[in-house]
Amino acid sequence: MEKIVQTAGRNTLGEFAPDFAHFNDDILFGEDWNNQDIDHKTRCIITVVALMSSGITDSSLKYYLENAQKAGVTRKEIAAIITHAAFYVGWPKAWAVFYMAKEVWAEDIVPADTKEAHAAEMVFPIGAPNDAFAQYFIGQSYLAPVSTSQVGIFNVTFDRGAATTGIFITQTRAADRF
């Protein structure tokens, strides 16, 4: 791993608080962050969780989330890390961290097409192609079961430009169901 060199302490507080600047740049980053007993990715994860548990959700957390991403923490990993930590440090803290993490990993969650973008915003899933009732639709429709107990309730989603050909009602006789 490339040696971490930090100058933010001296650049920002060097004349005002030279001891703090020294501890920040030389001890925290110069020695601790360069210690090889813990790999960089793990150190990033620990730092994010420590800041989350302290309720720190300002630009410093965003910096460490970005640092974690650069160290190889994936979107799925950070989501699992934040979720796991939420049970120990608090649900509201997790919500705050998730908002920042979504910004940092934004390009990892950008849907590839408009159908995926629409699906990401929906309450119900798009479902499977609705081939069984295709005769009642112009274009492609999709059917997702919301509930199948007693009476089937389905979410119907249409591709752009698709529509129904009219009102349709399906009936199932009791003998057909049992």
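Predicted model: local features only at pLDDT ≥ 70, side-chain atom pairs only at ≥ 80, totals over all residues.
**Overall make-up**

I started with the inventory, and the protein has eight helices and five strands. Going along the sequence, I read the order as α-α-α-α-α-α-α-β-β-β-β-β-α. I then looked up burial: 24% of the 178 residues count as buried. For contacts between residues at least 6 apart in sequence, I noted that 48% join residues at least 24 apart.

**Helix α2 and its kink**

Where is the kink in α2 centred? I found it at Asn24, with a bend of about 25° in a helix that spans residues 18–32. I looked at Asn24 itself next. Is Asn24 buried or exposed? Its relative accessibility is 18%, and the cut-off for buried is under 20%, so Asn24 counts as buried. Setting aside neighbours within four places in sequence, I have Asn24 in contact with Gln6, Gly9 and Phe29. Phe29 also turns up in my list of buried α2 residues, which reads Ala21, Asn24, Asp25, Phe29 and Gly30. I checked what covers these buried residues, and the cover includes α1 (8–13) and α4 (59–70).

**α3 against α4**

I turned to helix α3, residues 40–54, and its packing on α4. The angle between them is about 155° and the axes are 9 Å apart. Angles over 145 degrees count as roughly antiparallel, so that is how I logged α3 and α4. The crossing of α3 past α4 is left-handed. Which residues make the contact? From α3 I wrote down His40, Cys44, Thr47, Val48 and Leu51, and from α4 Ser60, Leu61, Tyr64, Leu65, Asn67 and Ala68. Sorted by class, the contact of α3 with α4 comes to seven nonpolar and four polar residues, with no charged ones.

**α3 against α6**

I stayed on α3 and looked at helix α6, residues 91–104. Here the axes come within 9 Å and cross at roughly 125°. That makes α3 and α6 oblique to each other, so I did not file the pair as antiparallel, which takes an angle over 145 degrees. I have α3 passing α6 in a right-handed crossing. On the α3 side the contact uses Met52, Ser53 and Ser54, and on the α6 side Lys93, Ala94 and Val97. How do the residues of the contact of α3 with α6 divide? I get three nonpolar, two polar and one charged.

**Two loop residues**

I looked up Pro125, which sits in the loop between α7 (114–121) and β1 (128–129). Its relative accessible area is 52%, and exposed means over 50%, so Pro125 goes down as exposed. Which residues does Pro125 touch, not counting those up to four places away in sequence? I have Ala144, Asn155 and Thr157. For Asn155 I also noted the spacing: it is 30 residues from Pro125 along the chain, yet their C-alpha atoms are separated by 7.8 Å.

Terms used:
Residues numbered from 1 in each chain as written. Heavy atoms only, no water. Bend = angle between axes of the 7 residues up to and from the residue. Helix = DSSP H or I, 4+ residues; strand = E, 2+ residues; numbered from the N terminus. Buried < 20%, exposed > 50% of the residue type's maximum accessible area, 1.4 Å probe, protein only. Contact = heavy atoms within 4.5 Å. Axes fitted to C-alpha atoms, helices over the stretch in contact; angles between N-to-C directions. Parallel < 35°, antiparallel > 145°, perpendicular 65-115°, else oblique. Left-handed = near helix turned anticlockwise from the far one by under 90°. Nonpolar A, V, L, I, M, F, W, Y, C, P; charged D, E, K, R; others polar.
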